[in-house]
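Please look over the sequence and the model shown here before reading the notes. They are meant for a reader who is new to this structure.

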Amino acid sequence: GRTTLSSATMSPTSPLATRLHNQMILAPLTRGGNLPYRRLCADFGCDASFSEMTYARNLLKNEGIELARMRRAPGETTFGVQIATNEIEEGVAAAKMAAASGADWVDLNCGCPIYEATRRGLGAALLRKPHKLEQLVAGIAAGSSLPLSVKVRTGEFRNALNVRDVASRLRCCGLAPDDSAIVGLALCVRGMDASVTCRVCHVKHPAANLVALKATYENEGCI
């Protein structure tokens, strides 16, 4: 998917914030965002991109498929490695491996809804306990030499939309003022009746929902 991040979602003094401001960013695509595809996107003007979701635990076991996901394609000028973990030490260790591989930043996946991730307490399952997610993010950011971003969704389920609480907690866990860490929040309402096309995900949503969501996060200082 195509998206852009405003510098308002991260520390305005962060070097990475400057690099990502108003750039075309290729969102992480599990089973789609492999190296050949990202290389094509870079050739067609993509400014920044993510690896496919990498299971940190398997990465630390040096599993070939996970190591391959950290490979950077020629032409990827700004590249982030996305990890899936629910443990601080595991996340910090994976971030160190990402740094050693040449990544520019690390992204923590808190949005993947697939059973393979949620059954392990990863991805969207992390949204179930925002206070624990806050501790996880703060711990990984503190131990990582790379900037940290966090991918979230509006909620694990349609009847459990808690992104306001999650976003507020992540903005207040000490990351934004620190040049070494950022929190980027990609917000989008999915699975609702069509009326307005979101310029981020190109999916149609009711105008009232998008307007209300945007106003909420602007008032909270989250976007």
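Predicted model: local features only at pLDDT ≥ 70, side-chain atom pairs only at ≥ 80, totals over all residues.

Residues are numbered from 1 along each chain as its sequence is written, and side-chain values use heavy atoms, with hydrogens and water left out.

**The chain as a whole**

- The secondary structure of the protein chain comes to 9 helices and 9 strands, where helices (H or I, at least four residues) and strands (E, at least two) are DSSP runs numbered from the N terminus.
- Of the 223 residues in the protein chain, 48% are buried; buried means under 20% relative accessible area, exposed means over 50%, and partly exposed lies in between, with a 1.4 Å probe and protein chains only.
- When contacts (heavy atoms within 4.5 Å) in the protein chain are taken between residues at least 6 apart in sequence, 64% of them join residues at least 24 apart.

- Apart from its neighbours within four places in sequence, Asn58 is in contact with Glu63, Glu66 and Arg120.
- Asn62 sits in the loop between helix 3 and helix 4 (64–69), and its phi is positive, near 60 degrees, in a residue other than glycine.
- Arg31, which is not a glycine either, has a positive phi of about 65 degrees; Arg31 is placed in the loop between strand 2 (25–26) and helix 2 (35–43) and is exposed, with a relative accessible area of 69%.

**Helix 5 against helix 7**

- Helix 5 (residues 88–101) packs with helix 7 (residues 130–143) at an angle of about 40 degrees, their axes being 8 Å apart; axes are lines fitted to C-alpha atoms, for helices over the stretch in contact, and angles run from 0 to 180 degrees between N-to-C directions.
- The crossing of helix 5 and helix 7 is right-handed, a term used if the near helix is turned clockwise from the far one by less than a right angle, whereas anticlockwise gives left-handed.
- On the side of helix 5 the contact is made by Ile88, Gly91, Val92 and Lys96, and on the side of helix 7 by Gln135, Leu136, Gly139, Ile140 and Gly143.
- The residues of this contact divide into 4 nonpolar, 4 polar and 1 charged, with Ala, Val, Leu, Ile, Met, Phe, Trp, Tyr, Cys and Pro counted as nonpolar, Asp, Glu, Lys and Arg as charged, and the others, Gly among them, as polar.

**Salt bridges**

- Side chains of opposite charge can pair when their charged atoms come close.
- The structure holds 9 salt bridges, each being a side-chain nitrogen of Lys or Arg within 4 Å of a carboxyl oxygen of Asp or Glu.
- One of them joins the side chains of Glu90 and Arg57 at 2.7 Å, N to O, and because Glu90 lies in helix 5 and Arg57 in helix 3, the pair ties together parts that are 33 residues apart in sequence.
- Within this pair, Glu90 is buried, with a relative accessible area of 8%, whereas Arg57 is partly exposed, with a value of 41%.
- Arg120, which is one of the contacts of Asn58, forms a salt bridge with Glu116, the closest N and O atoms being 2.4 Å apart; Arg120 is partly exposed at 32% relative accessibility, and Glu116 is partly exposed at 30%.
- Arg169 forms a salt bridge with Glu134, with the closest N and O atoms 3.1 Å apart; Arg169 lies in helix 8 (residues 163–171) and Glu134 in helix 7, so the pair ties together parts that are 35 residues apart in sequence.
- Arg169 is partly exposed at 28% relative accessibility, and Glu134 is partly exposed with a relative accessible area of 21%.
- Salt bridges that share partners join Arg57, Glu87 and Glu90 into one network.

**Cysteines**

- A search of the whole structure finds 0 disulfides, a disulfide being a pair of cysteine sulfur atoms within 2.5 Å.
- Cys41 is in no disulfide, and the nearest cysteine sulfur, that of Cys46, is 5.9 Å away.
- Cys41 is buried, with a relative accessible area of 16%, and Cys112 also counts as buried, at 7% relative accessibility.
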